[in-house]
Protein chains: 2
Amino acid sequence: MSEHPRPPHHLDFVDLGRKVGGIAGETVFQSARRNGVRIVGACGGRGTCGTCMVRIAGGGIEHHPDEDGSHGRSWLRACRITPRTDCAVEIAPRSLAAVVRAETEGEHGECLAVDARIVAVDVQVPPATLADPTGDTERMARALDRPVDTIELTAARQLPELLRRHDGAVRVRLRGDSIIGFSAVNRPLLGLAVDLGTTNAAAFLLDLESGRRLAGIGIENPQVAWGADVISRINHAIRAPAGGEELRLAILGGLNALAHDLCHAVGADRADIIDAAICGNTAMHHLLAGLPVHQLGRAPFVAAVSGAMEVGAAELGLDICPGARVHLVANVGGFVGGDHVTALLATESRWSDGTSLVMDIGTNTEISLIHDGVILSASSPSGPALEGGHISCGMRAAEGAIERVAVVDGRIVTGTIGDKPAIGLCGSGVLDAVASLLGTGMVDRRGRLSAAHADVISNDGQLAARLTPGVVLTQEDIRAVQLAKAAIRTATDLLLDRAGLAADDIRHFIIAGAFGQYIDIASGIAIGLLPALPPERFEQVGNAAGLGVRRILLSRADMRRSVELAARCQYVDMSGSKEFQKKFMSNIALTNGETS
Amino acid sequence: MSEHPRPPHHLDFVDLGRKVGGIAGETVFQSARRNGVRIVGACGGRGTCGTCMVRIAGGGIEHHPDEDGSHGRSWLRACRITPRTDCAVEIAPRSLAAVVRAETEGEHGECLAVDARIVAVDVQVPPATLADPTGDTERMARALDRPVDTIELTAARQLPELLRRHDGAVRVRLRGDSIIGFSAVNRPLLGLAVDLGTTNAAAFLLDLESGRRLAGIGIENPQVAWGADVISRINHAIRAPAGGEELRLAILGGLNALAHDLCHAVGADRADIIDAAICGNTAMHHLLAGLPVHQLGRAPFVAAVSGAMEVGAAELGLDICPGARVHLVANVGGFVGGDHVTALLATESRWSDGTSLVMDIGTNTEISLIHDGVILSASSPSGPALEGGHISCGMRAAEGAIERVAVVDGRIVTGTIGDKPAIGLCGSGVLDAVASLLGTGMVDRRGRLSAAHADVISNDGQLAARLTPGVVLTQEDIRAVQLAKAAIRTATDLLLDRAGLAADDIRHFIIAGAFGQYIDIASGIAIGLLPALPPERFEQVGNAAGLGVRRILLSRADMRRSVELAARCQYVDMSGSKEFQKKFMSNIALTNGETS
C-alpha cells in the first residue's frame, strides 16, 4: 500500500441513495458502519463470515491479500477492500440489513391513538403591498388568527420563499403556541421514534396525524466500535481526548442515517420529521446529548440529568426539521434509563394487576419489580453474550444464524433463520445451545465441557462443542453465558429480597426486548437465567421499549405518564453491594438459583 | 509573489489578546478588518492615509512594492503587507481604535435602572450518595427550591463538573423559570447591548445587577467591504452564491470581536455575558439573523420578521453564554428598524410633549414625526457622505479629522480632532465645509464650485476647494452632500405633508445619532438639510439608539415599551412615490426648502 496520504474520498451507496465520506485507509465496511450504512457484517469486519458482500460499480480499490474474489466474479467482501478514489458501491441484497428483524418486528401496520404535541394549520396569507408592507411573519400571524408566543428562527428563515412560491398558501407547524416550521400545505407531519440500545438502535417513522407506523429500521449502534458495553464507552469518553465527542458523533451519524433511510423507504423528506422521541439507557442518553459521563462512570454512578429533556433538533445535530424538539425520555437512575421507562409504559396494562416483574434483557439488563404500588428498578451489566456478542461464532439475528438448538433423541439439532446453512449463532441460539449441552451432559452444572464427548473437540487450544460442522460453542463462550446469566439472576433475586418476596410471588414475569422475544423460556429456566415459574406466568412482549417510545411520540398523555413512571421507580443500586458479589458467585452455576 | 497556495496562517494581535485566521494573499489590514480587529484605516486600505500602522513582532511577510518602511524604522502600513507565515502583530497605539469616539461617547459611567430578565440564585447542592444517587440536575433543582420549567442542554452539560469543582456551591442563572446556565458563585452577570449600524457598530458591556456600564467600544461594520449602503449588501446577498452567509459571518465576526474586546478591557469572561440585545435597521437585522432579504430588496420592501425576536446565542453564533437568548429589537417597517425604535425609546421624555421630530442621520436616515399621539416613520437612503464616507478626503471621526470648518474674516479656517495636523474630513467637517464654501461664494446655490476663486483648484480633472494644504472637497463630494441633504430633507417635508403640518409646527427637533451629535445646526440650516427653526428647538442627543438598547437590556419594562413603540409607528413608504422624486429634485439646491 502507498505511504502517501490519500485525498479524502466518498462512497456512494447507490441503492440507498446515500453518499458518505471515507477516511484514508478505512475499508468499505468500516466507512459504511461508521456512517450508519445498513450493511450486514456478522463477524464485525474480521473477514471471516462473508456476509458483507458489495460490488464496486465505479472507482478504484485495493484488495486485502486474502480477498481473491472467490466469492463470485464481482462480489467482494466490503471488509477486505479499501477505496483509493471515490467509489460507487452496490450492496448485495442479502448483505443489506433492510429491516433488522430483531428490533422492529412486532406490530406491523400498527396504528396507535394520536394526541400529538405538534399540529399543523393551513393558512392563506395575503400578499404585502406598498400600502400595507407588514412583515411576512406578522401577516402570517394575522392570517393564522391564534396566539403565537415564539417563532423559531429557522422557521422564520423559510417563510418568505414559501409564501412567494405558493401564492401565500402555507402550512404552519405549531408546538403549543410556538411555531417550529412552515411547509407547503400538502406536506405530511412525520415523527421519529428511536429506541437507542447499547448494541442496536431501532427507529420508527410515524404519521403524527393518523398514528400509523410507516416504517421501522434497525442498525447496530455505531459506538460498538469503541466497546460492547457501556463501561468501555464511558471510559473512552473519559480517557481519550475528545472521546465523548467521537462517541456522540458516531451515534448521531447512525441516527441521521436511520432518519434518511426511513424517509427514503417511504418517499418522505427528512424536513417533514417535525417531532422526535428517543429512549436509551442513561449512558446512551448522556453520550447522545453530549452530557458529561465522568460522574456516571464511578460510584455512586450519578446522572447529569435524570428527568425528561427537550433538546432542539439542530442543537442535538439531528438532521430533521431544525425547529423540532427532540424529547429525551426520562431516566430512572444509575444505568436504568428511558428505554426501561418506555418498556414499563408499554407493558403497564400487563403489570398493573398483581406482583409483576418486567425484564429487558440486553447488554445491560434492566429489571423492575412491581409490588403493592412500588416499583423497584435495577440494572445489571450482563454483557452482550446473550445477544450473540463476544461469542466465537456469534452473529446478529440474520439469515443463517442458528436461532434454535434442541436435543432430539439425545442428539443436538439446530434451526436457522431463513432455513439457510448455519453460519453462526444468534442470542436465542446461544441460550438454547447451553441448555442443550447441559441436557446432553456435554457440559456439567459448573459449566465445564466434557472432553469425553464425541462432539466436544479441541478448538484453538480450548474445548468446544460442535453444533454443526462449522459452528461451535467454546468453553469461553459458555463462561460468558454463565456470567451473563449470573448477573441477571442475581439482580432479580436481590430485588425480590428487597421487597421481601420470593420468586413464586411473581404473577406476571414480563420479558421485554428484542432478544427476550425469541428466547426459549424452558432453556432460560434450565440454566437458571429465569426462576422456575409455571410457563403461563411468562409473557414475551417483544420490543416494548420501541412501542413505548412510539406511544410517547404520538400521545401527550403517554409522554406525561412516562415522566410519572420514571419518578415512581425507586432505583436500587447493586454495583457496590457485597450481597451482590456473594450471590453472583453462587449464581454462576448452571442451576436454578433456588435449588443451588 | 509565489504562485503556490500558502498554508493557512494566523495573526496574533498581541495587545488585544486576539488570534485570527488569515486567508492566503490577504493583507494584514484585510485580515484584521474581516475579523473585527479594531484597526484604524482612514482610506479603507488603499495605502493612501498611513493610519493603519503595525509592527511585525514575529513571522514572515511580503511587502507591497510601495511599502518602503519610510513611515518609521519598523512600523509598516498593515494594508501594504501580506503574511507568509503565522505572525505576531503589534498595532501602533494611534492606529488602535480603542474607543471610537463617535459611537460611544455620552453617558460615561452611567448607571441605569435595573429590572433585568436574568437573575442568579446561589445554591448549595448536597453530594450524591449510593443511598441517594439522584441526578445532578435534579439535586440542584431540589436545592434551588423554585419551579424550573426547562434547562438548556448547554447548562446541563456544565453542571457536573462545576458541582464537583466547587463542592456543590453553584450559581444558577435563570430567565423566568428556565435555567440558562451555571457558574461559580462569584461570577458576575453581564449583558451585551449592541447598536448595529450600516457603517458602524457600537457595543456596550453592562453589569445586569447594578445597571452600570462597564465598557463601550465601536468598530466599523465589517460588511462595509461589500458596499457602503444597505442596497449594495442586499444585492450581494441575493446575487452572490452564499453572499448572505458571507455578510452574516462578517458582522458576526465583528460582534464576537466586540464581545471579546469589551471583556478583555475589564478582565471579564465572555461566558459571563448571559443576556444580549441588538438593534439595527431592518437590513442589518435580517443579515445578522440570516433571514432572507430578497423580498426586502424590492418593492414593497417587506421584512421577513418585523416583531421582536428571541434567538439563542448559540444559534445566532454569538460567542457568549450559549444558553443566553439574544433580544433582537422590534423593527417598524421598510428599512426603519430597531435602532430607530430604541432612539424613540431613549428620547421619549423629550418628544412626549408637543409635536416633535426625531431624526437619526446615518447612511440610512430614519425620521419619525410625532403629532397628536401618532408616530409617522420613514427612512431615507441618504448614503454615507454626511458621515465622511465616499468623500475623497473623508475619514472616520479620529485624530487628525477636520471636524469644524468656519469662515473667519472671509477666510476658511479648520479645526481637527485632537488638534492634530489635518489628514481628512469627518462627517461634521463635511457639512461645515459645504456651508462655509457657500458662505464664501466658492460654491453657488446649485452646488457648483467657482473656478474663479483662488482656493478652487483643479484636482484629478475636476474642480476642488482646498480647505487645508492637503485636504480638499471636490465637486463630486459636494454633489454627494447635495444628494444626501435632499434625501433627508425630502423625507422630512413629506412626513410633514402627510400630517398636514408645516416645519414651524415642530416644537422639538431631536437629532439623534453619532453624526448628529457633532453637526453644526447653523450649517445644517444654511445648506437646507434642516428647516430654519429657532435654534432652541433643536436637541442633539447623541447615540440615542445605543442608550435605548442598553435600557432594553436592563429593564423588562423598557423591553415591553419598545415593542409597543414599534407597533405604534406607522411606516410611510417613500421609495415609490412620485411626490418624493419631484420634491427631491427641488431639494438638491443648497437652499432651505421653504424658500426655494
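## First stop: a three-stranded sheet in chain B

Start with an open sheet in chain B, where three antiparallel strands line up in the order E24-E25-E26. Strands here are DSSP runs of E, at least two residues long, helices are runs of H or I of at least four, and both are numbered from the N terminus. Two strands pair if DSSP finds at least two bridges between them. Select 456-459 (E24) and 472-474 (E26) of chain B: these strands stand at the edges, each with a single partner strand, so one side of each has no neighbour in the sheet. From one strand to the next, the twist averages 40 degrees; axes are lines fitted to C-alpha atoms (for helices, over the stretch in contact), and angles between N-to-C directions run from 0 to 180 degrees.

Before moving on, a word on what you're viewing. This is a predicted model, in which local features need pLDDT of at least 70 and side-chain atom pairs count only at pLDDT 80 or more, while totals for chains, interfaces and linings use all residues. Residues are numbered from 1 along each chain as its sequence is written, with chains lettered from A and ligands numbered from 1 in the order in which they are written.

Zoom in on Gln462(B) in E25(B) and you'll find its bridge partner, Asn459(B). Next, select 475-499 of chain B: this is helix H12, lying across E25 and E26 of chain B and running at about 70 degrees to E26(B).

## Second stop: a covered helix

Select 282-289 of chain B. How many of the residues of helix H7(B) are buried? Eight of its eight, where buried means that 20 or more other C-beta atoms, placed from the backbone, lie within 10 Å of the residue's own. Among them are His285(B), His286(B) and Leu287(B). Step on to Gly290(B), which follows H7(B) and has a positive phi, near 70 degrees.

## Third stop: where the chains meet

The contact takes 40 residues from chain B and 41 from chain A, counting residues whose C-beta atoms, placed from the backbone, lie within 7 Å. On the chain B side, the largest share, seven residues, comes from H4(B).

## Last stop: a sheet in chain A

Over in chain A, look for another open sheet of three strands, with mixed pairing and the order E22-E21-E23. Select 401-408 for E21(A): two bridges join it to E23(A), and the two run parallel. Ile402(A) stands opposite Leu425(A) in E23(A). Then pick 427-440 of chain A, helix H10, which packs on the sheet and touches E21, E22 and E23 of chain A; its direction makes about 20 degrees with that of E21(A).

Finally, zoom out: chain A has 16 helices and 29 strands.

Technical notes
Two residues are in contact if their C-beta atoms, placed from the backbone, lie within 7 Å. A residue is buried if 20 or more other C-beta atoms lie within 10 Å of its own, exposed if 12 or fewer, and partly exposed in between; C-beta atoms are placed from the backbone.
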